Amino acid sequence: MRVDIISIFPEYFAPLDVSLMGKARERGILDIHLHQLRDWTHDVHNTVDDTPYGGGPGMVMKPEVWGEAVDAVIEDGRAARGEDALPRLIVPTPSGRPFTQEVALEYADEPWLLFAPARYEGIDSRVVAEYGERLRTDEVSIGDYVLAGGEAAVLVMVEAVGRLLPGVLGNARSVADDSFAPGAMANLLEGPVYTKPPVWRGHEVPEVLLSGHHGRIARWRRDEALRRTLDRRPELVARLDRDGLDKHDRRVIEEFEERLEERRSAAESHAESQAESHAAFRPGFRAAPEDVAD
């Protein structure tokens, strides 16, 4: 896979030289090209931004600079990959489509990705409109928050996509067991994991994991994934196809929901009891001697 990144801070992407991404680059699985956006400016200050039309705080990145940069990167890539090749353009922005494991898998099937991380208030909207007519162009968000720039989001996406490429992970089966992975783990969080020693500071590894019984271990992991998702991300469980769950899955969900309702009822009863106790003990106001007028 070829990945092009245009940024005013290309040095931000040094982490892509280490760990799994670094090894993938060494093996030629991931071909990453970094570009300095300011190389396409034409003034002595290398200006990439200007004040927004309509007023308001902040600055907006200029369309002509981005247009020249994207055109040049596409031309360079087509010279290397063939005249028919075109990248998929990805613009990180809080207002974009949510980046999920499903999207990561979708991008992992692409031969060429081009990332355009913005700074300031973002890139002039005409850039996305222009390339949306010429390329497959996605505006993508990694979460409901705002960063100083899109570079961190690009790092997240490149690593999420890169680890899905064949040959990057030592054990390809790891991808199937990931949280949110399509199939059995769709809309589920991965459960707890353990390694040696079997007892650490008084905490024991669950006995089933030491049993060697693969069927029981698989069932335990499935149950724990359901319980963790119910506890931490209940909105994900709501997306599950209940008809597609087996009887054991449904029983785990029902038992968890029953315990949750019991805890909720107990908490409400305790709150009511506390309120009654406070109401029963309300001593009348009595002025201290020093506060009484002569």
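Is Tyr120 buried, exposed or partly exposed, and what is its relative accessibility? I began my notebook with this one, and I kept in mind that the model is predicted.

**Entry 1: Two residues with a positive phi**

I looked up Tyr120 and found 38% relative accessibility, so Tyr120 counts as partly exposed. I traced Tyr120 to the loop between S6 and helix H4 (125-132). I also checked its backbone: Tyr120 has a positive phi of about 60 degrees, although it is not a glycine.

I noted a positive phi of about 50 degrees for Asn46, which is not a glycine either. I found Asn46 in the loop between strand S2 (31-36) and strand S3 (49-50). With a relative accessible area of 31%, Asn46 is partly exposed.

**Entry 2: A cis peptide bond**

Which two residues does a cis peptide bond join? I found Lys196 and Pro197, with omega at about 5 degrees. I placed Pro197 in the loop between helix H5 (151-162) and strand S8 (199-200).

**Entry 3: Salt bridges**

I reminded myself of the idea first: side chains of opposite charge can pair when their charged atoms come close. Then I looked up the total, and the structure holds 22 salt bridges. I picked out a few of them to follow up.

I started with Asp4 and Arg2, whose closest N and O atoms are 2.6 Å apart in a salt bridge. I checked their cover too, and both Asp4 and Arg2 are buried.

Next I turned to Arg88 and Glu110, where the salt bridge has its closest N and O atoms 2.9 Å apart. Arg88 sits in strand S5 (residues 88-98), while Glu110 is in the loop between helix H3 (101-108) and strand S6 (112-115), so this pair ties together parts that are 22 residues apart in sequence. I noted that Arg88 and Glu110 are both buried. I then followed these two into a network of salt bridges, which links Arg88, Arg97, Glu106, Glu110, Arg136 and Asp138.

My last pair was Arg242 and Glu257, whose side chains meet in a salt bridge at 3.6 Å, N to O. Why does this pair tie together parts that are 15 residues apart in sequence? I found that Arg242 lies in the loop between helix H7 (234-237) and H8, whereas Glu257 lies in helix H8, so the pair links those two parts. I recorded Arg242 as partly exposed, because its relative accessible area is 35%. Glu257 is partly exposed as well, with a relative accessible area of 36%.

**Entry 4: A negative patch**

Which residues form a negative surface patch? I wrote down Glu254, Glu255, Glu258 and Glu262.

Which residues of H6 are buried? My list reads Ile217, Trp220, Arg222, Asp223, Glu224, Ala225, Leu226, Thr229 and Leu230.

Terms used
Residues numbered from 1 in each chain as written. Predicted model: local features only at pLDDT ≥ 70, side-chain atom pairs only at ≥ 80, totals over all residues. Heavy atoms only, no water. Patch = residues over 30% accessible without salt bridge, like charges linked within 9 Å, V, L, I, M, F, W, Y side chains within 5 Å. Areas by Shrake-Rupley, 256 points an atom, 1.4 Å probe, with all protein chains shown as cover. Salt bridge = Lys/Arg side-chain N within 4 Å of Asp/Glu carboxyl O. Lys, Arg positive; Asp, Glu negative; His and termini not counted. Charge placed at Lys NZ, Arg CZ, Asp CG, Glu CD. Buried < 20%, exposed > 50% of the residue type's maximum accessible area, 1.4 Å probe, protein only. Helix = DSSP H or I, 4+ residues; strand = E, 2+ residues; numbered from the N terminus.
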